[in-house]
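I am opening a notebook on this structure.

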Amino acid sequence: MISPQDALRLVLEHAPALGPETAALARCVGRILAADLRAREALPPFDNSAMDGFAVRAHDLKNASRKTPIELTLREHVRAGAPRPVRLRPGEAARIMTGAPLPLGADSVVMQELALPGAPGRVKIPHAPQTGDHIRARGEDVAKGSLLLKKGTRLRPYEIALLAAQGIETISVVARPRVAVLASGDELVEISANLSHGKIRNSNGPALIAALSRWDIDAVDMGVAKDDPEALRSALASALDRADVVIVTGGVSVGDFDYTKSVLLSLGVHEIFWKVAIKPGKPLLFGTRERPGSPRALVFGLPGNPLAALVCLEEFVRPALEKLQGSTPGHQSYHLWGRTLNDYPKPKDRQQYVFCQAAPGPDGYELTVIRPQGSAMLAMASRANALALAPVGTAHVRRGTTLAFRWLK
C-alpha cells in the first residue's frame, strides 16, 4: 500500500491539462481561460452619472452653500440610454439619471438629495461640488487594449459579466475531459430490474455519474460488464478509445473473479499504483494509457463497494479532473475540527474516512461516529452529514478525540 498523499501526488503528476476548446460565454462559469484576453473597448464606454441628480459645471457652483444656494437653468432631462446630450452653457444644469451619458461641458453631478426646488425650469443647488463628483469616467474601469484576463483565470460570474460587457460571446477555455463509467460484476443488474437471488442493482454507475454531473462533467454510462475477461476487454477497449478518463468499479481486488486489473494491463494500461492505505478504498488502482496524437488516458479502477467507490472518486478522481481542466487541486479540504462523542475502532495502518453526524456544541463542533460502518452501507452514509479523517497510526478513535472533517454536501 502507498499513502493517500503519495497516491494523490502520482495522480496529479500524470494528469496533463487538456487543450483548448471554444465555448459559449454563459456556459463557462468555473472553467479555466485558455488564452489571455485584451479589452476590445473602454469600460465605461462613455462618461456617465453614478447617481440620480443634476449634471453641472463645478465652476458655476464654487460659491454655493446652504445659506447662499445658486439657481441654475434646467437645460434637459437625460435618461440612461439617451444619445449624447447637448452642451451645457454657463449657468445651466441637466436632470440626469444613473448611467446616463454626461452632457458636454458638465464635469460633476450633484445628488438629487442635495438639490432644492427653484423657479419653474430651474433648480437651486446649496452645495459646491468638486470636479468629477459622482461621475464614472470613460475607461476608468478598463482601458481599451489593456489586459483584461490572464490565461489560467478561473471564470466566476464576475468575469462572465466583464466579458459580456466587452461584447465577447464565445471564449477559449481548457477542454472538459470525456469520462466513461463502467460497473463490473456478475451480481449487478440494471436499477429497473426485478431482483433474483444473489443479484443486486447497479448503484455505483448512477451514483458516480450523478457526482460527476455536480462537477459539470457529462459522463458516458457504459453500463455493466460481467466478470468475464472477454466481456471486460470489449467494454474497456471501447471506453479507452472514447474517453480521456475511464472509471471502472469492481474487480480490482484479489478475488478469484477479479479480472479488471489484468484486462486493463493487457489493453496497454500502465499501472502507476495499486492499493492505497485508506479505508474504505484500499484496492484503488490507477494507471495511464498513451494515445498517439492525444493526451494520455487516465484509468481509475475503483472498489466495487459503493461508499469506497464514492470516497475514491472524491479524493482522487475529482482532483485529476480539475487538473485536466487547468486547475491546481489538492485533497478535499478537511478544514473543520470536531470532538468525537463516541469511540470507534479502526485499522492502525490505514487512514480512515469516518462517516459522522456533526453539530455545533458548546465548545465547537461535535462528531457522532455512525455505527456500524461499512463500505456497502448506503443508508448509513445517507444519515451522515460529515466525513472525518482518522489518521494512520491511530488504532482506536476515543471519545473526545479531535478529528479534521468536512461537510458532506
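**Entry: cysteines.** I started with disulfides, and the count came to 0. The model is a predicted one. I recalled that a disulfide is a covalent bond between the sulfur atoms of two cysteines. A pair has to come within 2.5 Å to count. I then looked from the other end: Cys356 is in no disulfide, and the nearest cysteine sulfur to it, that of Cys312, is 18 Å away. Are these cysteines buried or exposed? Cys312 has 0% relative accessibility, so I noted it as buried. Cys356 also comes out at 0%, and therefore counts as buried.

**Entry: Ala358.** Next I looked up a residue in strand 24, which runs over residues 351–361: Ala358. Its relative accessibility is 9%, so it counts as buried. Which residues does Ala358 touch, beyond its neighbours within four places in sequence? I listed Glu366, Leu367, Asn385, Ala386, Phe405 and Trp407.

Entry: I turned to empty space. Rolling a probe the size of a water molecule over the atoms shows where such space is left. How many cavities of 30 Å³ or more does the structure hold? I found 1. The volume of the largest cavity is about 30 Å³. Its lining is made of Leu264, Leu265, Val269, Glu271, Leu285, Phe286 and Gly287. Helix 5 (260–266) and strand 20 (285–291) each give at least two of the lining residues. Strand 20 has the largest share, with 3 residues. By class I noted 5 nonpolar, 1 polar and 1 charged residues in this lining.

**Entry: the largest pocket.** I moved on to open spaces. The largest pocket holds about 820 Å³. It is lined by 27 residues, and those closest to its centre are Arg214, Glu314, Arg406, Leu408 and Lys409. Which element gives the largest share of the lining? Helix 6 does, with 8 residues. Helix 3 (204–214), helix 6 (306–324), helix 7 (378–383) and strand 28 (402–407) each supply at least two. I wrote down the classes as well: 15 nonpolar, 6 polar and 6 charged.

**Entry: the second largest pocket.** This pocket has a volume of about 610 Å³. I found 41 lining residues, with Pro303, Gly304, Asn305, Pro306 and Ser375 nearest its centre. At least two lining residues each come from strand 15 (200–201), helix 6, strand 24 and helix 7. The classes here are 16 nonpolar, 17 polar and 8 charged.

**Entry: helix 3.** I went back to helix 3 and asked which of its residues are buried. They are Asn204, Gly205, Leu208, Ile209, Ala211 and Leu212. These residues cover an arc of only 160 degrees around the axis, so they lie on the same side of helix 3. The general rule is that an α-helix has 3.6 residues a turn, so residues three or four places apart point the same way. What covers the buried residues? I noted strand 13 (179–184), strand 16 (220–225), strand 17 (245–249), strand 21 (294–302) and helix 6 among the elements that do.

Entry: Last, I checked phi and omega. Most residues other than glycine have a negative phi, and most peptide bonds are trans. Asp216 goes against this: it is not a glycine, yet its phi is positive, about 60 degrees. At 42% relative accessibility, it counts as partly exposed. Lys275 also has a positive phi, about 85 degrees, without being a glycine. I placed Lys275 in the loop between strand 18 (270–274) and strand 19. Its relative accessibility is 25%, so it too is partly exposed.

Where are the cis peptide bonds? One joins Lys279 and Pro280, with omega about -5 degrees. Pro280 is in the loop between strand 19 (278–279) and strand 20. Another runs from Arg371 to Pro372, with omega near -5 degrees. I located Pro372 in the loop between strand 25 (364–369) and helix 7.

Notes. Residues numbered from 1 in each chain as written. Predicted model: local features only at pLDDT ≥ 70, side-chain atom pairs only at ≥ 80, totals over all residues. Heavy atoms only, no water. Buried < 20%, exposed > 50% of the residue type's maximum accessible area, 1.4 Å probe, protein only. Helix = DSSP H or I, 4+ residues; strand = E, 2+ residues; numbered from the N terminus. Contact = heavy atoms within 4.5 Å. 1 Å grid on protein atoms, 1.4 Å probe; cavity = no way out; pocket = protein on both sides within 12 Å on 5 of 7 lines; lining within 4 Å. Points joined across faces, edges and corners; volume = space filled by probe spheres on them. Nonpolar A, V, L, I, M, F, W, Y, C, P; charged D, E, K, R; others polar. Arc of directions from axis to C-beta.
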